[in-house]
Amino acid sequence: MATERWNDEMLDRLAGIVEANTQGIADLRSAFERNTQGIESLRVLVGDLREGQALLTQMLVEEREARQEFRRTTNAALDRIDRTLEELKRNRDNGN
């Protein structure tokens, strides 16, 4: 009988260990699924961020080009104004 009881105790302990391992595996699977979903969400967010970064970069390039064009046209206008003023000064100095 002592051997039978010992075997029953061992089987009960083994069943407890198996149950704990089964629960641990289930918990790990659940955590793995949540992590997988989180990773997929992050992939989507990274894609969105890359698109946003590309858009902002394009906007920056366009703004830089617009500033350069403004600078060129402003400088050209200032040159024309300077030439006009010089012409007016010459005409004034010549008595015209």
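E69 is partly exposed, with a relative accessible area of 39%; partly exposed lies between buried, under 20% relative accessible area, and exposed, over 50%, using a 1.4 Å probe and protein chains only. This is a predicted model, in which local features need pLDDT of at least 70, side-chain atom pairs count only at pLDDT 80 or more, and totals for chains, interfaces and linings use all residues. Residues are numbered from 1 along each chain as its sequence is written, and side-chain values use heavy atoms, with hydrogens and water left out.

**Overall form**

- Along the principal axes, the C-alpha atoms fill a box of roughly 135 × 15 × 10 Å.

**Positions along the helix**

- Helix α1 covers residues 2–93, and E62 is placed in it.
- E62 is partly exposed at a relative accessible area of 45%.
- Between the C-alpha atoms of E62 and D8, which are 54 residues apart along the chain, the separation is 80 Å.
- L78 is also found in helix α1, and its relative accessible area of 44% makes L78 partly exposed.
- L78 and A31 are 47 residues apart in sequence, and their C-alpha atoms are 68 Å apart in space.

**Salt bridges**

- The structure holds five salt bridges, each being a side-chain nitrogen of Lys or Arg within 4 Å of a carboxyl oxygen of Asp or Glu.
- One of them joins E69 and R72, with the closest N and O atoms 2.8 Å apart. E69 and R72 are separated by about one helical turn because they are three residues apart in helix α1.
- Another links the side chains of R67 and E63 at 4.0 Å, N to O. R67 and E63 both lie in helix α1, four residues apart, which is about one turn of the helix.
- R67 has 41% relative accessibility, so R67 counts as partly exposed. E63, at 43%, also counts as partly exposed.
- D93 forms a salt bridge with R92, where the closest N and O atoms are 3.8 Å apart. Both D93 and R92 are exposed.

**Surface and charge**

- Buried residues make up 0% of the 96 residues in the chain.
- The accessible surface comes to about 9,100 Å², and 57% of it belongs to carbon and sulfur atoms. Accessible areas come from the Shrake-Rupley method with a 1.4 Å probe; for residues, only the protein chains shown count as cover.
- L11, L14, I17 and V18 make a nonpolar surface patch of about 370 Å². Patches are made of residues with over 30% relative accessible area and no salt bridge, with like charges joined within 9 Å and nonpolar side chains (Val, Leu, Ile, Met, Phe, Trp, Tyr) within 5 Å.
- V18 is placed in helix α1, and at 45% relative accessibility V18 counts as partly exposed.
- The chain has 15 positive and 19 negative side chains, and the centres of the two sets lie 12 Å apart. Lys and Arg count as positive and Asp and Glu as negative, while His and the chain ends are not counted. The place of a charge is taken as NZ of Lys, CZ of Arg, CG of Asp or CD of Glu.

Definitions and conventions:
Helices (H or I, at least four residues) and strands (E, at least two) are DSSP runs, numbered from the N terminus.
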